[in-house]
Amino acid sequence: SNPNPERPQMQDPMLPFAVEPRSEAERAYLVLRRELLNGEWLPNERLRPQILQQRHALGLTPIREALM
């Protein structure tokens, strides 16, 4: 059960439990990690922060932090 319904928990395919991101940068990291592990980005495909921003309603700063 999610203690805070406004901040959805994310199921990481590599973890046996749901993870509640502590920051927007961590949320961006988990989203990107999940997409990479699920093959949603092709090998050598450029990771464009603007695409992640549009797909997941994330800010560019947290996305950039996640990519570091």
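Which residues make up the largest nonpolar core? In this predicted model, the largest nonpolar core has seven residues. They are Ala28, Leu32, Trp41, Leu52, Leu58, Ile63 and Ala66. Two elements each give two or more residues to this core: helix H1 (24-37) and helix H3 (60-67). In soluble globular proteins, nonpolar side chains tend to be buried together.

Helix H3 was examined next. Pro62, Ile63 and Ala66 are its buried residues. These residues lie on the same side of H3, because they cover an arc of only 100° around the axis. The cover over the buried residues of H3 includes H1 and helix H2 (49-56).

Ile63 belongs both to helix H3 and to the largest nonpolar core. Its relative accessible area is 1%. Buried means under 20%, so Ile63 counts as buried. Beyond residues up to four places away in sequence, Ile63 touches Ala28, Pro49, Leu52, Gln53 and Leu58. Among these, Ala28, Leu52 and Leu58 are members of the core. Pro49 lies 14 residues from Ile63 along the chain.

Leu58 is another core residue. With residues up to four places away in sequence again left out, Leu58 touches Glu24, Arg27, Ala28, Leu52, Gln53 and Ile63. Ala28, Leu52 and Ile63 in this list are also core members.

Note on methods:
Residues numbered from 1 in each chain as written. Predicted model: local features only at pLDDT ≥ 70, side-chain atom pairs only at ≥ 80, totals over all residues. Heavy atoms only, no water. Core = buried A, V, L, I, M, F, W, Y, C linked by side-chain atoms within 4.5 Å. Buried < 20%, exposed > 50% of the residue type's maximum accessible area, 1.4 Å probe, protein only. Helix = DSSP H or I, 4+ residues; strand = E, 2+ residues; numbered from the N terminus. Contact = heavy atoms within 4.5 Å. Arc of directions from axis to C-beta.
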